[in-house]
2 protein chains.
Amino acid sequence: MKWDELEEEPCSMARTIGVIGDRWTLLILRECFLRTRRFEGFQSALGITRHLLAERLKKLVRQGVLRRIPYQESPKRHEYILTQKGLDLYPIMMALVHWGDTHMLDERGRPLLHEHRKCGKMFDPVMVCSECGEPLSAKEVHVHPGPGARPASEKVSLDKKKPKSRRQAA
Amino acid sequence: MKWDELEEEPCSMARTIGVIGDRWTLLILRECFLRTRRFEGFQSALGITRHLLAERLKKLVRQGVLRRIPYQESPKRHEYILTQKGLDLYPIMMALVHWGDTHMLDERGRPLLHEHRKCGKMFDPVMVCSECGEPLSAKEVHVHPGPGARPASEKVSLDKKKPKSRRQAA
DNA sequence: TTCATACAGTTCTAAAATTGAACTGTCAAA
DNA sequence: TTTGACAGTTCAATTTTAGAACTGTATGAA
């Protein structure tokens, strides 16, 4: 599968993965949420090669996750700022952090604490149902095909290839 | 940076990314939540190469996200089942799906709808504060160093290399 | 004026990861 | 006896990524 094919999959998760589903992109976005805005800032915070960083930033801009905004003329310099589409990634970031906090800590404890300005307390993120407000778990959710679902006839494979016998075909 | 170094970073997000932060792993986990359990099931649903699939499954088992359980003797066959650690990835999966539903839909609409068994309604996942229950957004959250934070002295770079001048050093 | 540095990239080669395809081996059914 | 399901493993070819240097504008210091 080519990776741009992911964005055409009739699956919202696959499409999201097509945009942000690689390690460097996720780390770049972490820095964005920590207020990094400039090329050198990302590069020195992450140790990513300049080549990949340039490429990933371009892709995020193309996808509308970041906006490239000039902050000085001559030499032209730009900052990379999260768009609303980018800011909407926040729940994904928090969910990643929270899983790490729950399952990947060492003896030293949490690297970061999060304070909720509205209530002034240190908090954890909790995912709830938009309708009843109860916390969600996989077992309480039932999945139905929606209007954009793939027709049942082609449900077999992401890349539509039939698995074929591995003994010589002719 | 080598990818196993990610898991040693004093950052819960980096550690999580070290475990599930690549495209195939995320797609494999999607299938797990859709009740796929067997090698051939993953392979034909995703079109992933058998080589990579075997490797990714091994890693997920090693990380405690999946458990490998025999379902028949001779020939030995195993199923891959989400552990509790794996089930706890659910909020991440839902957050990915929800962002895709919000920002990556085509004209046809949502590929999947989610029904909450408890309340019987189709819902969206919402991330709220564990303390006050209000929905979260990036701007209302303030980050503090926790007990496991990296000392300020080495805050510079993920890989601890100082960026050095790019003109000939000798 | 010359030198060093900041910044935002681009270019190049070597190394690592991924793809695609075939191969192994056990067992069941035809 | 042959074919197919299943769960991998192996290997060559391609694609990505890493690591390092290079380009080019501009500023401040010597």
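Hi everyone, thanks for coming. Please keep in mind throughout that we are looking at a prediction. I'll begin with the interface, then go inside the chains, and finish with some backbone geometry.

So, how many residues does each chain bring to the contact? Chain A gives 95 residues and chain B gives 95 residues. The size of an interface is often given as the accessible area lost when the parts come together. Here the area buried between chain B and chain A is about 9,000 Å², and carbon and sulfur atoms account for 65% of that. On the chain B side, look for M13(B), R23(B) and W99(B): together they supply 9% of the area that chain B buries against chain A, more than any other three residues.

One to bring up on your screen is between E140(A) and K118(B), where the closest N and O atoms are 3.7 Å apart.

Which elements of chain B give two or more residues to the side touching chain A? The helices are α1 (12-20), α2, α3 (39-46), α5 (84-87) and α6, and the strands are β3 (112-116), β4 (125-129) and β5 (141-145). Of these, α6(B) gives the most, with 12 residues.

Let's move on to the aromatic rings. There are 2 aromatic pairs over all chains. In chain A, F33(A) pairs with Y90(A) in a tilted arrangement, 5.5 Å centre to centre and with 45° between the planes. What I like here is the sequence separation: F33(A) is in helix α2 (residues 23-33) and Y90(A) is in helix α6 (residues 90-103), 57 residues apart, so the pair links distant parts of the chain. Are these two buried or exposed? Both F33(A) and Y90(A) are buried.

Turning to chain B, F33(B) and Y90(B) form a tilted pair, with 5.5 Å between centres and 45° between planes. F33(B) lies in helix α2 and Y90(B) in helix α6 of chain B, so this pair ties together parts 57 residues apart in sequence. F33(B) counts as buried because its relative accessibility is 13%, under the 20% cut-off. Y90(B) is buried too, at 8%.

There is also a charge over a ring to look at. R38(A) lies over the face of Y71(A), 3.6 Å from the ring centre. In chain B, the charged end of R38(B) sits over the ring of Y71(B), 3.6 Å from its centre.

Last, the backbone. Most residues other than glycine have a negative phi, and most peptide bonds are trans. With that in mind, have a look at the bond joining S74(A) and P75(A): it is cis, with omega about -5°. P75(A) lies in the loop between β1 (66-72) and β2 (77-82) of chain A. The bond from S74(B) to P75(B) is cis as well, with omega near -5°, and P75(B) is in the loop between β1 and β2 of chain B.

Then there is R35(A), with a positive phi near 80°, in the loop between α2 and α3 of chain A. At 54% relative accessibility, R35(A) counts as exposed. R35(B) also has a phi near 80°, lies in the loop between α2 and α3 of chain B, and is exposed at 56%.

That's my tour, and I'm happy to take questions.

Terms used:
Residues are numbered from 1 along each chain as its sequence is written. Chains are lettered from A and ligands numbered from 1 in the order in which they are written. This is a predicted model: local features need pLDDT of at least 70, side-chain atom pairs count only at pLDDT 80 or more; totals for chains, interfaces and linings use all residues. Side-chain values use heavy atoms; hydrogens and water are left out. Rings of Phe, Tyr and Trp (its six-membered ring) pair if their centres lie within 6.5 Å; planes under 30 degrees apart count as stacked, over 60 as edge-to-face and the rest as tilted. Helices (H or I, at least four residues) and strands (E, at least two) are DSSP runs, numbered from the N terminus. Buried means under 20% relative accessible area, exposed over 50%, partly exposed in between (1.4 Å probe, protein chains only). A charge sits over a ring if NZ of Lys or CZ of Arg is within 6 Å of the ring centre and within 35 degrees of the ring normal. Contact means heavy atoms within 4.5 Å. Buried area is the accessible area (1.4 Å probe) that two parts lose on being put together, summed over both. A salt bridge is a side-chain nitrogen of Lys or Arg within 4 Å of a carboxyl oxygen of Asp or Glu.
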